[in-house]
Amino acid sequence: MKQVIFVLGMHRSGTSVLTGLLSRLGLKTGEHLLPPQEDNPKGFFEDSDFVAFNDKLLNQLALDWSSPLIISKGTLNKVLDEYSAESKNLAKQKFLHQSINLVKDPRFSVLMPFWQKTLEKLDIECRFIWMIRSPSAVSHSLSERNQIPAELSESIWRAYNFSIMSFLQNHECLLLNYEQLLEDPVGTCEKLSDYIHLGFTLDEIKTRIDGFVEPTLCHDHSQSSESLYVSLRDLHGKNLTPDESRKLVDKNKENLAAIGHLSEYALPLIIQNKQYVKRAGDLQLKIDELRQENTSLQTQNANYLSDIQRLELQYSNIVNSKSWQITSPLRSSMLYLNKFVEATQSQWSLTKILVAKFIFSIKTLGVSDTLKKVKQKLLCENKLVVTSNPALYRFQAPSFNKNIQNEIESFSKKPLISIIMPVFNVEPKWLKKAIDSVENQWYPNWELCIADDNSTNPKTVEYLKSLRNTKIKITFLQENLNISGASNAAADMAQGEYLALMDNDDEITPDALYEVVKEINNNEPDFIYSDEDKISETGEYCLPFFKPDYSYDLLLSANYICHFSVFKKSLVQNEKVFNSNFDGAQDYDLFLRLVDKTQKISHISKVLYHWRMIETSTALNPESKPFAHIAAKNALQKHLENKNGIVTDHNELFNYDIRYDYLASNPKVSIIIPTKDGLNLLSNAVTSILTKSTYNNYEIIILDNNSTKPETFKWFEDIQKIHSNIKVVKSYYEFNWSKLNNQGITEASGDVYIFLNNDIEIISPDWIERLSENALRPNIGTVGALLLYKDETIQHAGIVLGMGGWADHVYKEEKQIHMHSPFVSPMVSRNVLASTGACLCISKQVVADIGLFNEEFKICGSDVEISLRAFNKGYRNLYNAQAKLYHLESKTRDSFVPECDFVMSKMFYEPFWKNGDPFFNKNLNLNSLRPIVDS
């Protein structure tokens with residue numbers, strides 16, 4: 001008959017030491033043992049298959065190993081009956097190959113009635129060794145190792161040992177005391193040999209266990225007055241009969257009954273709660289699906305809204321045009337023609353459509369999509385209705401009051417602001433609205449400098465000549481100098497300390513100059529810009545752009561500053577304000593020159609400028625001035641002449657992709673990947689690096705953090721033989737993301753470090769170049785990448801501090817869409833406070849300056865903290881949208897976050913929670929991953 005020796009006892013009660021001694025005496029513990037750990041260096045001697053199966057049984061009961069309840073035999077058999085066949089197969093696999101088997105897992109202590117029933121069916125004899133330890137010592141150990149409170153630890157101790165005692169009322173066992181085992185390991189092993197009939201002499205026992213038991217194994221010598229422990233501690237080495245176990249039960253019946261009643265009451269509630277939790281989880285998944293669908297529909301709705309606004313504005317221009325008025329008789333004739341055609345042959349339909357298309361193309365230049373929609377509009381109604389969605393954005397006009405008046409009067413600095421406005425052939429109604437908005441300013445110390453660029457529209461000139469405000473200066477140019485020449489002519493008239501830029505058909509809010517001068521009084525900036533929105537021809541506000549604070553790398557991606565911009569005149573004292581070589585992008589060129597001269601740049605997080613949407617304006621149609629894209633590209637290249645930057649076109653108009661020449665010396669890049677098994681993910685990640693990367697001077701350092709599977713070790717061995725630039729390093733300690741990456745740094749020989757998760761897959765072949773060339777730039781701290789889920793939606797496009805209450809990935813689960821409103825597009829590179837450590841690049845020089853990852857973080861938060869540390873030392877952190885990778889997001893680790901990580905995160909994040917993430921905008925909702933306007 002096969003025999004199984006079960007080692008029973010509470011966690012941290014010395015069962016590992018006992019099982020280790022038995023293995024020294026020749027008993028086999030199985031092949032798939034849990035690996036040793038720092039707090040248990042000699043090993044647990046637990047078969048991982050039994051541990052996993054017992055966890056599954058407890059989970060089915062809605063419990064885990066730390067539940068302080070006794071599970072009755074009836075409950076075990078009723079709830080776990082469906083696992084009977086599986087347990088039988090596992091027992092056959094483990095126990096039928098040798099005569100005596102040794103098995104240890106503290107979970108058996110509460111599940112023994114279930115396993116006894118299984119083993120009886122296989123005709124396997126069970127024998128039991130019960131190990132006890134002082135509950136106060138166990139509590140101390142659990143507190144240090146698992147952060148379990150002392151009172152709960154002692155309740156768990158009672159549940160385990162009462163469960164064992166109740167089970168042993170029908171079975172014989174050997175009872176051992178951990179403290180006495182440590183005092184006399186040889187004598188204890190002699191009792192074990194006698195109990196199991198091993199037949200070892202005393203000298204043989206001494207030889208076999210020599211050096212295994214060390215006094216340091218007992219870290220706590222405290223005793224306990226717990227009644228059950230007092231009943232058991234002096235029975236060390238005694239063979240307990242079932243009768244003696246029943247007497248122990250009777251002696252402790254009051255405590256046992258109390259725990260039993262609590263368990264009978266609590267267990268059904270726990271199981272019911274688990275069902276509710278599962279149901280809630282299913283509902284949450286459904287809610288998430290609906291939210292995702294809703295987000296997608298909102299995106300479509302926003303895009304449709306933009307299309308509708310553009311089409312209806314085009315339609316408005318058509319119906320208000322002279323051409324439309326001239327062709328009115330023809331349209332009247334078409335009404336009769338329609339009736340005639342309906343009554344005649346069907347081939348007239350084609351003629352009718354062609355004639356209609358011809359009429360519509362007078363203003364639309366034959367753009368087929370526009371024609372179709374204009375035609376549909378004409379068939380429905382003959383009036384303009386500009387639709388807007390108040391839920392998306394509603395501009396709140398500012399209100400003036402006595403307090404603001406007093407504040408303006410109390411300003412210590414009241415500079416003259418000169419507003420520069422070039423004018424050319426603009427319709428007087430738009431020009432009037434622009435000038436009215438200036439005249440309506442709360443702050444009174446301004447002048448408006450207008451240069452008419454030899455307008456050929458007499459109404460424009462006539463209106464300008466009718467103006468009588470002494471604060472408005474006007475010059476009429478005798479030749480057309482284009483936008484830069486006219487703007488310079490206006491600037492030449494300016495007497496103000498600050499210059500402000502304004503187009504001749506736009507509007508500024510009444511508080512615009514007040515907010516600017518308030519900022520000047522508070523922070524003394526040289527250069528100021530604000531948020532902005534669009535305004536339709538009918539006065540509807542839409543498409544706001546809430547900008548980040550000054551982001552140099554975003555400015556290199558696109559002219560995000562735009563409107564409303566104000567700067568000190570002294571910055572351009574000895575040069576022309578605008579360069580005519582860059583007409584169409586003259587303001588972009590100016591801004592690039594300004595940021596070379598000053599870092600005292602302020603951003604006002606408030607809409608102070610309304611950009612008019614008319615057909616020929618880039619506010620409505622960026623494609624209306626393609627020459628401006630080229631001019632902007634040239635201005636940007638000029639700016640980067642001495643900065644090792646090369647400008648290339650982005651996929652979108654007026655956006656640019658900058659490459660940097662910092663890899664000419666072919667610096668070595670160290671890619672650092674922590675892992676624990678997860679071979680399918682790890683091998684996929686490494687293979688994608690090896691096969692897709694175009695940069696060749698790199699090494700891959702894999703940190704093996706407690707892998708256990710033979711196939712993993714085989715792969716480690718093979719991959720290092722095949723690839724000389726791959727190294728596997730042993731990291732046998734409790735998982736600590738920071739510690740692992742710091743170890744990787746000590747093993748690395750590169751000039752650049754890329755910290756990578758094991759669940760990454762490369763998309764962009766030049767990903768190493770893009771990350772490294774930016775990390776090697778002066779003043780760049782950390783560099784992150786665009787990470788995607790496998791469904792091509794965004795997983796990471798930069799981290800926003802405060803999002804979701806802590807910090808989260810903006811645009812997560814959104815599609816890769818180039819969005820213009822209400823925030824920066826996720827498809828362009830920009831500065832951020834932090835990026836995810838799933839793919840984070842830092843140069844060796846920066847790490848030497850700012851220090852290693854903070855190991856007080858265990859699992860998450862240190863990637864953000866090291867970026868914040870870089871930011872606080874004056875570095876810019878960068879999100880690079882052109883470096884693309886897939887991220888399957890930590891599928892080999894669970895989502896548990898220890899309390900210490902929350903404490904540490906709060907410490908470092910809190911200043912940015914209070915003051916706001918400078919690279920986001922306070923007008924946007926932090927509870928939404930998709931940027932939406934805060935209501």
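Predicted model: local features only at pLDDT ≥ 70, side-chain atom pairs only at ≥ 80, totals over all residues.

Q: Fine. Is His197 buried or exposed, then?
A: His197 is exposed, because its relative accessible area is 64%. His197 sits in the loop between helix H9 (185-196) and helix H10 (202-209).

Q: What is phi doing at His197?
A: Phi of His197 is near 65 degrees, a positive value in a residue other than glycine. Most residues other than glycine have a negative phi.

Q: And what about phi at Gln147?
A: Phi there is positive too, near 55 degrees, and Gln147 is not a glycine. Gln147 lies in the loop between helix H6 (135-146) and helix H7 (150-167). With a relative accessible area of 60%, Gln147 is exposed.

Q: While we're on the backbone, which residues does the cis peptide bond join?
A: His563 and Phe564, with omega about -10 degrees. Most peptide bonds are trans. Phe564 is in the loop between H23 and S13.

Q: Let's zoom out. How many helices and strands does the protein have?
A: There are 32 helices and 28 strands. The protein has 935 residues, and 53% of them count as buried.

Q: What share of the contacts join residues at least 24 apart?
A: Taking contacts between residues at least 6 apart in sequence, 78%.

Q: Now helix packing. What angle do H4 and H5 make?
A: About 65 degrees, with the axes 10 Å apart. H4 covers residues 84-95 and H5 covers residues 108-121. The range for roughly perpendicular is 65 to 115 degrees, so H4 and H5 are roughly perpendicular to each other.

Q: Is the crossing left-handed or right-handed?
A: H4 passes H5 in a right-handed crossing.

Q: Which residues meet there?
A: From H4, Ser84, Ser87, Lys88, Leu90, Ala91 and Phe95. From H5, Phe114, Trp115, Thr118, Leu119 and Lys121. By class, that contact has six nonpolar, three polar and two charged residues.

Q: How does H2 pack on H5?
A: Helix H2 (residues 48-60) packs on H5 at an angle of about 85 degrees, with their axes 11 Å apart. H2 and H5 are therefore roughly perpendicular to each other.

Q: What does H2 bring to the contact with H5?
A: Phe50, Phe53, Asn54, Leu57 and Leu58. On the H5 side they meet Phe108, Val110, Leu111, Phe114 and Trp115. The contact of H2 with H5 divides into nine nonpolar residues, one polar and no charged.

Q: Lots of rings there. Which residues do ring pairs link into a cluster?
A: Phe6, Phe50, Phe53, Tyr83, Phe95, Phe108, Phe114, Trp115, Phe128 and Phe167.

Q: How many aromatic pairs does the count come to?
A: The count comes to 33 aromatic pairs. One of them, Tyr529 with Tyr560, is edge-to-face, at 5.5 Å centre to centre and 90 degrees between the planes.

Q: Where do Tyr529 and Tyr560 sit?
A: They link distant parts of the chain, 31 residues apart. Tyr529 is in strand S11 (residues 527-535), and Tyr560 is in the loop between helix H23 (552-557) and strand S13 (565-568). Tyr529 counts as buried because its relative accessibility is 0%. Tyr560 is buried at 3%.

Q: What about Phe871 and Phe919?
A: They also form an edge-to-face pair, 6.0 Å centre to centre, with 80 degrees between the planes. Phe871 is in helix H31 (residues 862-872), and Phe919 is in the segment after helix H32 (899-915), 48 residues apart. Phe871 is partly exposed at 26% relative accessible area, whereas Phe919 is buried at 11%.

Q: What is Pro68 in contact with, sequence neighbours aside?
A: Leaving aside neighbours within four places in sequence, Leu152, Ser155, Ile156 and Ala159.

Q: Last one. Is Asn177 buried or exposed?
A: Asn177 counts as buried, at 3% relative accessibility. Asn177 is in strand S4 (residues 173-177). Beyond neighbours within four places in sequence, Asn177 is in contact with Met131, Ile132, Tyr229, Arg233 and His236.

Terms used. Residues numbered from 1 in each chain as written. Heavy atoms only, no water. Axes fitted to C-alpha atoms, helices over the stretch in contact; angles between N-to-C directions. Helix = DSSP H or I, 4+ residues; strand = E, 2+ residues; numbered from the N terminus. Parallel < 35°, antiparallel > 145°, perpendicular 65-115°, else oblique. Left-handed = near helix turned anticlockwise from the far one by under 90°. Contact = heavy atoms within 4.5 Å. Nonpolar A, V, L, I, M, F, W, Y, C, P; charged D, E, K, R; others polar. Phe/Tyr/Trp six-rings, centres within 6.5 Å; stacked < 30°, edge-to-face > 60°. Buried < 20%, exposed > 50% of the residue type's maximum accessible area, 1.4 Å probe, protein only.
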